[in-house]
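Me: I am new to this structure and would like to know what the terms used for it rest on. Please go through them with me.

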Amino acid sequence: MAMKLTMNGREVTAEPGQTLLEVAEEHGVWIPTLCASEAVRPYGACRLCLVEVTKGKKTRIVTSCVYLAAEGISVRTDTEEIVSTRRMLMELELASSPGSEALRSLAVRLGVDLENPRLAPDDLSPDEPGHDCILCGLCVRVCREVVGVNAIGFANRGPQRLVVSPFQDKASLCIGCGSCVYVCPTNCIRMEEQKGVRIIHNWKAKFKLIACKECGNHFATDKEIAHLIESCGMPEQKTRICHSCRT
Ligand code: SF4
Ligand code: SF4
Ligand code: FES
């Protein structure tokens, strides 16, 4: 049964199981996010989506992407405390990935002064593990939950935490689909294609690209095709033609 709650003083309805972030989106209330995506389960890593919730006499700050809506609660998404905490969190993210356009434009929207950063940026070189990574975990979750492969994961704790391939060696389970690359908000997973080969540098993985039988364009890796046949039972001849030629 639908529940009633208030969001920034306005009464809204929510379905059981909906998070506050989903309710906000449904009612046109903007809450910034960096680690949330409809494609994967929430993880609560960036904390940028925090909001203030009052339940009875208790008020606390929660992360809206994992907090479930409840009958009668009052939610504020824009208090002074929320706005300044988000700004500080955003500055921390920017220090990890100072060049990211997506982060910079979100920071501007949150009122961060880009010209006078309060935190020194990380100075990892592009070849070092962790360069520009904000540990949002989107790549790990997409690989596991959407692609169904689980080729990469987190290693270490605290400041040494990293997203890596197992033992920081070649990711043997990776099929080279590139989903982690597309979902990464800071573009820090380096993928390149040349002469029929796709390389994903971060996972030390190299793949042969297959050319479409109709148009000749490279469209998938050999391992992606093998994965489609094995996991979806797709007939082999269908996997040799690219999406555009099939439709
Ligand atoms: S490219 Fe590899 S690591 Fe990235 S999502 Fe695909 S299978 Fe997972
Ligand atoms: S590599 Fe990209 S997607 Fe993965 S955790 Fe780091 S920032 Fe997020
Ligand atoms: S979007 Fe909720 S913690 Fe990142």
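Me: What makes P129, G130, V163, C188 and N202 stand out in the lining of the largest pocket?
Reply: These five lie nearest the centre of the largest pocket, out of 28 residues that line it. A pocket is an open set of points on a 1 Å grid over the protein atoms alone, where a 1.4 Å probe fits, with protein on both sides within 12 Å along at least five of seven lines; a lining residue has an atom within 4 Å of a point. The model is predicted: local features need pLDDT of at least 70 and side-chain atom pairs count only at pLDDT 80 or more, while totals for chains, interfaces and linings use all residues. Residues are numbered from 1 along each chain as its sequence is written, chains are lettered from A and ligands numbered from 1 in the order written, and side-chain values use heavy atoms, without hydrogens and water.

Me: How much space lies in the largest pocket?
Reply: About 420 Å³. The volume is the space filled by probe spheres set on the grid points, which are joined across faces, edges and corners.

Me: Which classes make up the lining of the largest pocket?
Reply: The lining has 15 nonpolar, nine polar and four charged residues. Ala, Val, Leu, Ile, Met, Phe, Trp, Tyr, Cys and Pro count as nonpolar, Asp, Glu, Lys and Arg as charged, and the others, Gly among them, as polar.

Me: Which element gives the most to the lining of the second largest pocket?
Reply: α6 does, with four residues. Helices (H or I, at least four residues) and strands (E, at least two) are DSSP runs numbered from the N terminus. The second largest pocket has a volume of about 300 Å³.

Me: Where does ligand 1 sit?
Reply: Ligand 1 takes up the space of the largest cavity. A cavity differs from a pocket in that the probe fits but cannot get out, and a molecule sits in one if more than half of its atoms lie within 2 Å of its grid points. Among the residues around ligand 1 are C143, C174, C177 and W203; each such residue has a heavy atom within 4 Å of the molecule. This shell has nine nonpolar, three polar and no charged residues.

Me: Why are β10 and β11 called paired?
Reply: Two strands pair if DSSP finds at least two bridges between them, and three bridges join β10 (residues 205-211) to β11, so the two strands meet the definition. They run antiparallel, and L209 stands opposite T221 in β11.
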